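Please look over the sequence and the model before reading on. The notes below are grouped by topic.

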Amino acid sequence: MEVVNEISRALQLGDLNTVQKKIKEALEEGVSAETILNEGLLDGMTIIGEKFKKNEVFVPEVLIAARAMNGGMEIL
(Lines give C-alpha, C1' and ligand atoms only; values in the text may rest on other atoms or scores of the structure.)
Protein backbone atom coordinates (compact mmCIF):
# COMPACT_ATOMS: atom_id res chain seq x y z
CA MET A 1 0.00 0.00 0.00
CA GLU A 2 1.79 3.02 -1.31
CA VAL A 3 -0.27 5.53 0.67
CA VAL A 4 0.78 3.92 3.96
CA ASN A 5 4.43 4.18 2.91
CA GLU A 6 3.86 7.83 2.04
CA ILE A 7 2.46 8.39 5.54
CA SER A 8 5.57 6.83 7.06
CA ARG A 9 7.90 8.94 4.90
CA ALA A 10 6.01 12.16 5.65
CA LEU A 11 6.11 11.39 9.37
CA GLN A 12 9.86 10.83 9.21
CA LEU A 13 10.20 14.25 7.61
CA GLY A 14 7.92 15.77 10.23
CA ASP A 15 5.46 16.95 7.56
CA LEU A 16 2.25 17.24 9.58
CA ASN A 17 0.08 18.49 6.71
CA THR A 18 1.08 15.63 4.42
CA VAL A 19 0.63 13.05 7.18
CA GLN A 20 -2.92 14.26 7.82
CA LYS A 21 -3.73 14.51 4.10
CA LYS A 22 -2.42 11.00 3.38
CA ILE A 23 -4.27 9.50 6.36
CA LYS A 24 -7.53 10.97 5.08
CA GLU A 25 -6.70 9.62 1.61
CA ALA A 26 -5.95 6.16 3.03
CA LEU A 27 -9.18 6.08 4.99
CA GLU A 28 -11.13 7.06 1.86
CA GLU A 29 -9.42 4.19 0.01
CA GLY A 30 -10.65 1.79 2.70
CA VAL A 31 -7.35 1.21 4.49
CA SER A 32 -8.06 0.27 8.10
CA ALA A 33 -7.08 2.61 10.92
CA GLU A 34 -5.08 -0.24 12.45
CA THR A 35 -3.00 -0.62 9.28
CA ILE A 36 -2.41 3.11 9.07
CA LEU A 37 -1.32 3.18 12.70
CA ASN A 38 0.92 0.09 12.62
CA GLU A 39 2.42 0.26 9.13
CA GLY A 40 2.45 4.02 8.67
CA LEU A 41 2.77 5.96 11.89
CA LEU A 42 4.45 3.44 14.19
CA ASP A 43 6.83 2.19 11.51
CA GLY A 44 7.83 5.79 10.78
CA MET A 45 8.51 6.47 14.45
CA THR A 46 10.49 3.22 14.72
CA ILE A 47 12.72 4.36 11.85
CA ILE A 48 13.18 7.76 13.51
CA GLY A 49 14.09 5.97 16.76
CA GLU A 50 16.70 3.85 14.99
CA LYS A 51 18.17 6.92 13.28
CA PHE A 52 18.31 8.65 16.66
CA LYS A 53 20.23 5.73 18.16
CA LYS A 54 22.73 5.97 15.30
CA ASN A 55 23.05 9.77 15.73
CA GLU A 56 21.62 10.32 12.25
CA VAL A 57 18.86 12.55 13.65
CA PHE A 58 18.69 14.50 16.87
CA VAL A 59 16.09 15.49 19.47
CA PRO A 60 14.51 18.30 17.39
CA GLU A 61 13.83 15.92 14.48
CA VAL A 62 12.39 13.33 16.85
CA LEU A 63 10.09 15.94 18.39
CA ILE A 64 8.96 17.16 14.96
CA ALA A 65 8.18 13.57 13.92
CA ALA A 66 6.29 13.04 17.20
CA ARG A 67 4.24 16.17 16.52
CA ALA A 68 3.37 14.80 13.07
CA MET A 69 2.39 11.49 14.68
CA ASN A 70 0.10 13.24 17.15
CA GLY A 71 -1.50 15.18 14.31
CA GLY A 72 -2.07 11.93 12.47
CA MET A 73 -3.63 10.35 15.54
CA GLU A 74 -6.13 13.22 15.68
CA ILE A 75 -7.42 12.13 12.27
CA LEU A 76 -7.59 8.46 13.23
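This is a predicted model: local features need pLDDT of at least 70, side-chain atom pairs count only at pLDDT 80 or more; totals for chains, interfaces and linings use all residues.

Which residues make a nonpolar surface patch of about 220 Å²? The patch is made by Leu27, Met73 and Leu76.

**The nonpolar core**
- The largest nonpolar core has 15 residues.
- Val19 and Leu41 are the residues with the most contacts inside this core.
- Four helices each supply at least two of the core residues: H1 (2-13), H2 (16-28), H3 (33-53) and H4.
- H1 gives the largest share, with 5 residues.

**Contacts of Leu41**
- Neighbours within four places in sequence are left aside here, and Leu41 is then in contact with Ile7, Leu11, Val19, Ile23, Ile36, Met69, Gly72, Met73 and Leu76.

**Met73**
- Met73 sits in helix H4, which covers residues 59-75.
- Is Met73 buried, partly exposed or exposed? Its relative accessibility is 37%, so Met73 counts as partly exposed. The partly exposed class lies between the buried limit, under 20%, and the exposed limit, over 50%.

**Glu56**
- Glu56 is found in the loop between H3 and H4.
- With a relative accessible area of 49%, Glu56 is partly exposed.
- Along the chain, Glu56 and Ala10 are 46 residues apart, and their C-alpha atoms are separated by 17 Å.

Key
Residues are numbered from 1 along each chain as its sequence is written. Side-chain values use heavy atoms; hydrogens and water are left out. Patches are made of residues with over 30% relative accessible area and no salt bridge: like charges are joined within 9 Å, nonpolar side chains (Val, Leu, Ile, Met, Phe, Trp, Tyr) within 5 Å. Accessible areas come from the Shrake-Rupley method with a 1.4 Å probe; for residues, only the protein chains shown count as cover. A salt bridge is a side-chain nitrogen of Lys or Arg within 4 Å of a carboxyl oxygen of Asp or Glu. Buried means under 20% relative accessible area, exposed over 50%, partly exposed in between (1.4 Å probe, protein chains only). A nonpolar core is a set of buried Ala, Val, Leu, Ile, Met, Phe, Trp, Tyr and Cys residues joined through side-chain atoms within 4.5 Å. Contact means heavy atoms within 4.5 Å.
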